[in-house]
Amino acid sequence: MDRFSWTTGLLELGETLVLQQRGVRLSDGEEKLKFDSGVLLLSTHRLIWRDQKNHECCIAVPLSQIVFIEEQAAGIGKSAKIVVHLHPASSNKEPGPFQSSKYSYIKLSFKEHGQIEFYRRLSEEITQRRWESMPTGQAMQVNKDSRAGRIRAVGIVGIERKLEEKRKETDKNISEAFEDLSKLMEKAKEMVELSKSIANKIKEKQGDITEDETIRFKSYLLSMGIANPVTRETYGSGTQYHMQLAKQLAGILQTPLEERGGIMSLTEVYCLVNRARGLELLSPEDLVNACKMLESLKLPLRLRIFDSGVMVIELQSHNEEEMVAAALETVSEKGSLTADEFAKLVGMSVLLAKERLLLAEKMGHLCRDDSVEGLRFYPNLFLTQS
Amino acid sequence: LPQAKYKERGTVLAEDQLAQMSKQLEMFRTNLEEFASKHKQEIRKSPEFRVQFQDMCATIGVDPLASGKGFWSEMLGVGDFYYELGVQIIEVCLALKHRNGGLITLEELQQQVLKGRGKFAQDVSQDDLLRAIKKLKVLGSGFGIIPVGGTFLVQSVPAELNMDHTVVLQLAEKKGFVTVSEIRQSLKWEPERARQVLEHLLKEGMAWLDTQAPGEPQYWLPALFTELYSQEITPEEAKEAMP
């Protein structure tokens, strides 16, 4: 147990949490300690144990110190254990709860189960040795320096102490936030499991589930942020929320669309709508899902996807094919035009200007001259003058 | 008739589970509210906390950014942070597209976004930007992330960039430019293949041709200019530098 060091429990930059387990007792070899009940965290770099009652009590050992690990099955009245054999502590190890130990191994007792998964993930981390390729930040160094600095002049000590306390307070806040977050995630995980089970039932029943139930289920998934391919396949990702959103969008976008020649790219719409909202913004997926419902809701706008994958919103009254005829005239007047030039002339975004010219080409009205000097469009004389 | 009975039973089972989920959802909402009342600030203030939060969500199979209507967004404000960032990213990329053809390094994007956010705005990490960009992909305007060297290039135009293009971009990342010979040497390609890739990048405006370079023509990536060669100077400094 002399290999452990005190720690804030904060993960450093570059260090990622892999797994955690509550209800773990720490023993020094065969001797029981006061580390009776804690949360054991496995990161890419360390094994961390935090006391469940006293969050301040937090110790860690680098994974690089581990020689090998063994499993000990549970018995009557005994929890399953993992025995961790460690290298001797290095001389520059940070201070910890024990200066010396007669054992070169520690035991982790899993009073609330979880030993199997933990053993598996710990083995993986020890094998992969991710800590070697992911250098961590200097978080630990700061603490060390401030402690050494205490030897300096008396007046400064008071200020330093205050800073140290403030730092501890922030660390404590973050540690607490992190602990609370872990608890929250456990509950969220239960929700995910439940939704999977329901989704499987739906899959098995293949349409014996009512539309009403499907709508409810999809809104639950939306609230939790769970994607479910089963329902998406059969009924699409849209929900009641997206239907309402689609109707709202139809109202908001009518004027902007008219001002922009009847067509806007989805990124333009995203920026426009969210800038106007200020708060409770739409996610990109919300916008796309709502737009996909425009047509079926018979609203005056529609979503259109060009061959290139570019997505736009058009007024129903807008006819891109008619605009192509006008584009052809413009190009003919000038002899030839690139997307940039056309965009400037007509007052459109380059993205949409290019799409219009490509569509005109697809319809046979324009020909391209594709060179390193750029993509230039000419009226298709093969068609008109043959 | 027995068929109908079985069907009914089947429906009842789903109804039960749905009711259970509805109840648990309410409980979860309360837990999340409690969490938010104590720690909502952490999300906005700490990039490290955001990373941990996102990783944990990913581990359990939850996407907190899928919808602004999700609990995570509504109560933690996680959504607003990233969706607003999305808007800022789109605007920066649009403003610089004429110069770099729609390719920009993650570093430059971060600098420009931070500038736009102003002095008192929250810190934005590269991880934050990457997550926001991943969400923007769904809008169809060609947002993508290309790993190069130790960092990333962010694409913001619907130009098709396949493996060949990406590999050449990665090669060019070291010095900011690349030549046909270098490509042939490093990648062992036929000259025609190298030329096609470079031509495509030129046409898209992502590469500029320097025919006056000693030896052979050099293909430069303006996306890398700021990173490697230029400094931001003020108008006063520029005036002084002129003869």
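# A guided tour of chains A and B

Begin by selecting Lys183(A), which is partly exposed, with a relative accessible area of 35%. (Buried means under 20% relative accessible area, exposed over 50%, and partly exposed in between, with a 1.4 Å probe and protein chains only.) The model is predicted, so that local features need pLDDT of at least 70 and side-chain atom pairs count only at pLDDT 80 or more, while totals for chains, interfaces and linings use all residues. Residues are numbered from 1 along each chain as its sequence is written, chains are lettered from A and ligands numbered from 1 in the order in which they are written, and side-chain values use heavy atoms, leaving out hydrogens and water.

**Helix α4 of chain A**

(A salt bridge is a side-chain nitrogen of Lys or Arg within 4 Å of a carboxyl oxygen of Asp or Glu.) Asp180(A) and Lys183(A) are separated by about one helical turn, because they stand 3 residues apart in helix α4 (residues 154–205) of chain A. (Helices, H or I of at least four residues, and strands, E of at least two, are DSSP runs numbered from the N terminus.) Asp180(A) counts as buried, at 13% relative accessibility.

Now select Ser182(A), also placed in helix α4 of chain A. Is Ser182(A) buried or exposed? At 6% relative accessibility, Ser182(A) counts as buried. Leaving aside neighbours within four places in sequence, Ser182(A) is in contact (heavy atoms within 4.5 Å) with Gln20(A) and Met56(B).

**Helix α9 of chain A**

Move to residues 284–291 of chain A, helix α9, which is largely enclosed by the rest of the structure because 7 of its 8 residues are buried. Among the buried residues of α9(A) are Leu287(A), Val288(A) and Cys291(A). To view their surroundings, display α7 (240–259), α8 (266–277), β11 (301–305) and β12 (311–315) of chain A, together with α4 (78–100) and α6 of chain B; the buried residues of α9(A) pack against these elements.

**Two helices of chain B**

Next, display helix α2 (residues 47–60) and helix α6 (residues 126–136) of chain B, whose axes come within 9 Å and cross at roughly 45 degrees.

Select Asp164(B) and Arg193(B), whose side chains meet in a salt bridge of 2.8 Å, N to O. This pair links distant parts of the chain, 29 residues apart: Asp164(B) lies in helix α7 (residues 163–172) and Arg193(B) in helix α9 (residues 191–203) of chain B. Arg193(B) counts as partly exposed, at 38% relative accessibility. Then return to chain A and select Glu117(A), Arg120(A), Arg121(A) and Glu124(A), which salt bridges with shared partners join into one network. Finally, show Arg260(A) and Glu259(A), whose side chains meet in a salt bridge of 3.8 Å, N to O. Glu259(A) counts as exposed, at 61% relative accessibility. Over all chains, the structure holds 40 salt bridges.

Notes:
Axes fitted to C-alpha atoms, helices over the stretch in contact; angles between N-to-C directions.
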